[in-house]
Amino acid sequence: MFDLTTGISYAFFIFCLILGWGAAGALDFDGILNRSTSRGGRLLIRVGVALVLAEGFRLFLSFVLGPVLDMFVNQSINGFKAF
């Protein structure tokens, strides 16, 4: 049920989510998140921005890393780009 391909796919998405969370914090140059009225509002904005950035990182890195991973594992991760 839980094989190597599934594990790598989830780990890759979590890695992209961590990159997106860090980028969301780094992009807050003007303190937009601090001007929000509530703590929950700030969290929701950052989560939303992190999800959008994570999807961008996922697409970019899958096209960069996908062929390399396919080469190393003899194309056993054919669905890696489609995750």
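**Figure 1. Buried residues of helix H1 in a predicted model.** The buried residues of helix H1 are Ser9, Phe12, Cys16, Gly20, Ala23 and Ala24, where buried means under 20% relative accessible area, exposed means over 50%, and partly exposed lies in between, as found with a 1.4 Å probe and protein chains only. Helices (H or I, at least four residues) and strands (E, at least two) are DSSP runs, numbered from the N terminus. The model is predicted, so local features need a pLDDT of at least 70 and side-chain atom pairs count only at pLDDT 80 or more, while totals for chains, interfaces and linings use all residues. Residues are numbered from 1 along each chain as its sequence is written, and side-chain values use heavy atoms, with hydrogens and water left out.

**Figure 2. The length of helix H1.** Helix H1 covers residues 4–26 and holds 23 residues, which at 1.5 Å a residue should span 33 Å; the expected span is 1.5 Å times one less than the number of residues. The end C-alpha atoms of H1 are 33 Å apart, in agreement with that expectation.

**Figure 3. A nonpolar surface patch to which H1 and H3 contribute.** Leu17, Trp21, Leu43, Val47 and Leu51 make a nonpolar surface patch of about 400 Å². Patches are made of residues with over 30% relative accessible area and no salt bridge, with like charges joined within 9 Å and nonpolar side chains (Val, Leu, Ile, Met, Phe, Trp, Tyr) joined within 5 Å. H1 and H3 each supply at least two residues of this patch, and the largest share, three residues, comes from H3. Leu17 has its place in helix H1 and is partly exposed because its relative accessible area is 31%, whereas Leu51 lies in helix H3 and is partly exposed at 45%.

**Figure 4. Trp21 and two residues of helix H3.** Leu51 stands 30 residues from Trp21 in sequence, yet their C-alpha atoms are 7.8 Å apart in space. Val49, found in helix H3, is 28 residues from Trp21 in sequence and 7.8 Å away in space, C-alpha to C-alpha. Val49 counts as partly exposed because its relative accessibility is 34%.

**Figure 5. The salt bridge between Arg58 and Glu55.** A salt bridge is a side-chain nitrogen of Lys or Arg within 4 Å of a carboxyl oxygen of Asp or Glu, and by this rule the count comes to one. Arg58 forms that bridge with Glu55, and their closest N and O atoms are 2.6 Å apart. Both residues lie in helix H3 (residues 39–72), three residues apart, which is about one turn of the helix. An α-helix has 3.6 residues a turn, so residues three or four places apart point the same way. Arg58 counts as buried because its relative accessibility is 9%, whereas Glu55, at 33%, counts as partly exposed.

**Figure 6. The chain as a whole.** Buried residues make up 24% of its 83 residues. The chain averages a pLDDT of 76, and 73% of the residues score at least 70; pLDDT is the predictor's confidence in each residue, from 0 to 100.

Definitions and conventions. Areas by Shrake-Rupley, 256 points an atom, 1.4 Å probe, with all protein chains shown as cover.
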